[in-house]
Amino acid sequence: MTGVTKTHGSGRNAVTALDDVSAELPRGSFTAVMGPSGSGKSTFLHCASGLQRPDRGTVEIGDRDLGGLSETALTELRRERIGFVFQGFNLLPALTAEQNITLPVRLAGRRLRLDKQWLEQLVDSTGLSERRRHRPGELSGGQQQRVAIARALITRPEVVFADEPTGALDTTTGRAVLELLRRLVHETGQTVLMVTHDPVAASYADAVLLLVDGRIIEVLHSPTAEAVAGRMTRLEG
C-alpha cells in the first residue's frame, strides 16, 4: 500500500478512515493490525484486499496493481489469489467440510484445478482428517474456523487476510487457531495479515502495525502480549 487515503461519507459527515497510509507486507510474514476503535483497522484490511477501492494511493498484491482492475477482474483476483478468514466462519451449512474447503476452486470453473495433494496436506495440517465429511453444524467453533482457514489456503493465495479470526472462539480454541496460522506461515511461507483487538493474538505475529486516526504511528517487531497491551493502554488512555 502506498499513500492510501480512504474517506467515508461526505461534507461535514466525512470521516477519513485511512490518511496517506503506506505499508509493505513481506512475503512469508505474519502481520497484525491493531488500534483503538475507529482507528481504521477494518478499512485498512478492506483496501489492502481489494474489497474497497481507496480514494487515493495504490495497492499492489504480488505483481498486480489493483487500481486498474475492473470489478470482474477484482472478483477473480480475490477468489484465486487472496484468502479470507472472518470471525463468523462463513461456511455453507449444506456442504461438508471438504466441500467448503474446495468451494473457491469449484467457483473458478476451468480457471483453477484442484490440487488433491495440497488438499490432503491442508486437511491433515488443520486436523480435519476425521471431520472432512461433517457439515458445519456437526463441528465445533474451532473446527469450523479451521475449515475456513483451509478454504482460504486452497488456491495457494498470495496473501491471507484474517479479520478477528478468534473473536467468536473461547481462549483455548482461539490460541489453537493462532498456533495453526503461525505454523502455516512458518512451514508453507504463507503471508498473513490479521486485524485483531487482542494483544495475545497479536503476539503470534512477526510485527504489529499500530493504527491511530487512520495513520500508522508505530510498528512493533517480535511483539509480546505485554508490550502490545501496554502500548494499546497508552493509546486508549
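Visitor: Why does Thr 166 count as buried?

Guide: This is a predicted model, and the value is computed from it. Thr 166 has 12% relative accessibility. Buried means under 20%. Therefore Thr 166 counts as buried.

Visitor: Where does Thr 166 lie, and which residues does Thr 166 touch?

Guide: Thr 166 sits in the loop between S8 and H7. Leaving aside residues up to four places away in sequence, its contacts are Gly 174, Val 177 and Leu 178.

Visitor: On to the helices. Why are H6 and H7 called roughly parallel?

Guide: Take the angle. The axes of H6 (residues 141-153) and H7 (residues 171-188) cross at roughly 20°. Angles under 35 degrees count as roughly parallel. So H6 and H7 are roughly parallel to each other. Their axes come within 10 Å. The crossing of H6 past H7 is right-handed.

Visitor: Which residues of H6 and H7 meet?

Guide: H6 brings Gly 142, Gln 145, Arg 146, Ile 149 and Leu 153. H7 answers with Thr 173, Val 177, Leu 180, Leu 181 and Leu 184. By class, this contact of H6 with H7 has 6 nonpolar, 3 polar and 1 charged residues.

Visitor: What makes H5 oblique to H7?

Guide: H5 (residues 116-125) packs on H7 at about 140°. Roughly antiparallel needs over 145 degrees, and roughly perpendicular runs from 65 to 115. The rest count as oblique. That makes H5 oblique to H7. The axes of H5 and H7 are 12 Å apart, and their crossing is right-handed.

Visitor: Which residues of H5 and H7 meet?

Guide: From H5 come Trp 118, Gln 121 and Ser 125. From H7 come Leu 180, Arg 183, Leu 184 and Thr 188. The contact of H5 with H7 divides into 3 nonpolar, 3 polar and 1 charged. Leu 184 of H7 meets H6 and also meets H5.

Visitor: Now the sheet. In what order do the 6 strands form the open sheet?

Guide: The order is S7-S8-S9-S3-S10-S11, with mixed pairing.

Visitor: What makes S7 and S11 the edge strands?

Guide: S7 (82-86) and S11 (215-221) each pair on one side only. From one strand to the next, the twist averages 20°.

Visitor: Which helix packs on the sheet, touching S3, S8, S9, S10 and S11?

Guide: That is H1 (residues 41-48). The direction of H1 makes about 155° with that of S8.

Visitor: How do you know that S8 and S9 pair?

Guide: Count bridges. S8 (residues 159-163) and S9 (residues 192-195) have 4 bridges, in the parallel sense. Phe 161 has Leu 193 in S9 as its bridge partner.

Visitor: How many bridges join S3 to S9, and how many join S3 to S10?

Guide: S3 is joined to S9 by 4 bridges, running parallel. Thr 31 stands opposite Leu 193 there. S3 is also joined to S10 by 4 bridges, again parallel. In that pair Met 34 stands opposite Leu 210.

Visitor: Why is S3 described as largely enclosed by the rest of the structure?

Guide: 5 of the 5 residues of S3 are buried, so S3 is largely enclosed by the rest of the structure.

Visitor: Which way do the residues of S3 point?

Guide: Phe 30, Ala 32 and Met 34 point one way. Thr 31 and Val 33 point the other way. In a regular strand the side chains alternate between the two faces of the sheet.

Technical notes:
Residues numbered from 1 in each chain as written. Predicted model: local features only at pLDDT ≥ 70, side-chain atom pairs only at ≥ 80, totals over all residues. Heavy atoms only, no water. Axes fitted to C-alpha atoms, helices over the stretch in contact; angles between N-to-C directions. Helix = DSSP H or I, 4+ residues; strand = E, 2+ residues; numbered from the N terminus. Left-handed = near helix turned anticlockwise from the far one by under 90°. Contact = heavy atoms within 4.5 Å. Nonpolar A, V, L, I, M, F, W, Y, C, P; charged D, E, K, R; others polar. Pairing = 2+ DSSP bridges. Buried < 20%, exposed > 50% of the residue type's maximum accessible area, 1.4 Å probe, protein only.
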